[in-house]
Amino acid sequence: MAKLSTEQLLEAFKELTLIELSEFVKAFEETFDVTAAAPVAVAAAGAGAGAPVEEVEEKDSFDVVLEAAGDKKIQVIKVVRELTSLGLGEAKAVVDGAPKAVLEGATKEAAEKAQAALQEAGATVTLK
């Protein structure tokens, strides 16, 4: 059998349908006892050599944590009441107990709005 160049092989593959190419890959894997997906895994592992590969997952729920009430404690208590529907005594307890979560499991948009409102009232807030 004559040895084919890479270009000749590519031209031959271009003429195949996807089904025919899939059947060829399966036969190639069986004949040579290899897996076509293995080079992809090796390439990914080689790219991250030295550092573990972590999947970055976007958070979809946030906690709004009141770190400190600041100078305008009464304004912060009012905002906490608006955000949480707590009574005056409960909202005051949250503000006095800082650092404490004001909202838990909020959407990104709601958490950012709450953070902005609390910061506008003079509080120090973090999102977790």
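In this predicted model, helix α4 (residues 73-84) and helix α6 (residues 108-120) approach each other so that their axes come within 9 Å and cross at roughly 160°. Because an angle over 145 degrees counts as roughly antiparallel, α4 and α6 are described as roughly antiparallel to each other. The crossing by which α4 passes α6 is right-handed. On the side of α4, the contact is made by Val76, Val79, Val80 and Leu83, and on the side of α6 by Ala114, Ala117 and Leu118. The residues of this contact comprise 7 nonpolar, no polar and no charged ones.

Of the 128 residues of the chain, 18% count as buried. Among contacts in the chain with a separation of 6 or more, 65% are accounted for by residues 24 or more positions apart.

With α5, helix α4 packs at an angle of about 120°, and the axes of the two helices are 9 Å apart. Helices α4 and α5 are therefore oblique to each other, and their crossing is right-handed. Here Lys73, Val76, Ile77, Val80 and Arg81 of α4 meet Leu88, Ala91, Lys92, Val94, Val95 and Asp96 of α5. The residues of this contact divide into 7 nonpolar, no polar and 4 charged.

In soluble globular proteins, nonpolar side chains tend to be buried together. The largest nonpolar core in this model has 20 residues, of which Val64, Leu66, Val76, Val80, Val95, Val102 and Leu118 touch the most other members. At least two residues of this core are supplied by each of β1 (62-68), α4, α5 (88-96), β2 (100-106) and α6. The largest share, 4 residues, comes from α4.

Individual residues show how these elements are joined. Leu118 has its place in helix α6. With a relative accessible area of 0%, Leu118 is buried, since buried means under 20% relative accessible area. Apart from neighbours within four places in sequence, Leu118 is in contact with Val64, Val76, Val79, Val80, Leu83, Val102, Ala123 and Val125. Leu118 and Lys78 lie 40 residues apart in sequence, and their C-alpha atoms are 9.5 Å apart in space.

One of the partners of Leu118 is Val79, which belongs to helix α4. Val79 is also buried, with a relative accessible area of 11%. When residues up to four places away in sequence are not counted, Val79 touches Ala117, Leu118 and Ala121. A separation of 41 residues in sequence lies between Val79 and Glu120, whereas their C-alpha to C-alpha distance is 9.5 Å.

Helix α6 also contains Gln115. This residue is buried, with a relative accessible area of 19%. Gln115 touches Val125 and Leu127, with residues up to four places away in sequence not counted. Val125 is likewise among the contacts of Leu118.

Leu66, among the core residues that touch the most other members, has a list of contacts that reaches several parts of the chain. Not counting residues up to four places away in sequence, Leu66 touches Val76, Val94, Val95, Ala98, Pro99, Lys100, Val102, Ala123, Thr124 and Val125. Lys100, one of these partners, lies in strand β2. At 41% relative accessibility, Lys100 counts as partly exposed. Beyond its neighbours within four places in sequence, Lys100 is in contact with Val64, Val65, Leu66 and Val94. Lys100 and Ala68 are separated by 32 residues in sequence, with their C-alpha atoms 8.9 Å apart in space.

Terms used
Residues are numbered from 1 along each chain as its sequence is written. This is a predicted model: local features need pLDDT of at least 70, side-chain atom pairs count only at pLDDT 80 or more; totals for chains, interfaces and linings use all residues. Side-chain values use heavy atoms; hydrogens and water are left out. Axes are lines fitted to C-alpha atoms, for helices over the stretch in contact, and angles run from 0 to 180 degrees between N-to-C directions. Angles under 35 degrees count as roughly parallel, over 145 as roughly antiparallel, 65 to 115 as roughly perpendicular and the rest as oblique. A crossing is left-handed if the near helix is turned anticlockwise from the far one by less than a right angle, and right-handed if clockwise. Contact means heavy atoms within 4.5 Å. Ala, Val, Leu, Ile, Met, Phe, Trp, Tyr, Cys and Pro count as nonpolar, Asp, Glu, Lys and Arg as charged, and the others, Gly among them, as polar. Buried means under 20% relative accessible area, exposed over 50%, partly exposed in between (1.4 Å probe, protein chains only). A nonpolar core is a set of buried Ala, Val, Leu, Ile, Met, Phe, Trp, Tyr and Cys residues joined through side-chain atoms within 4.5 Å.
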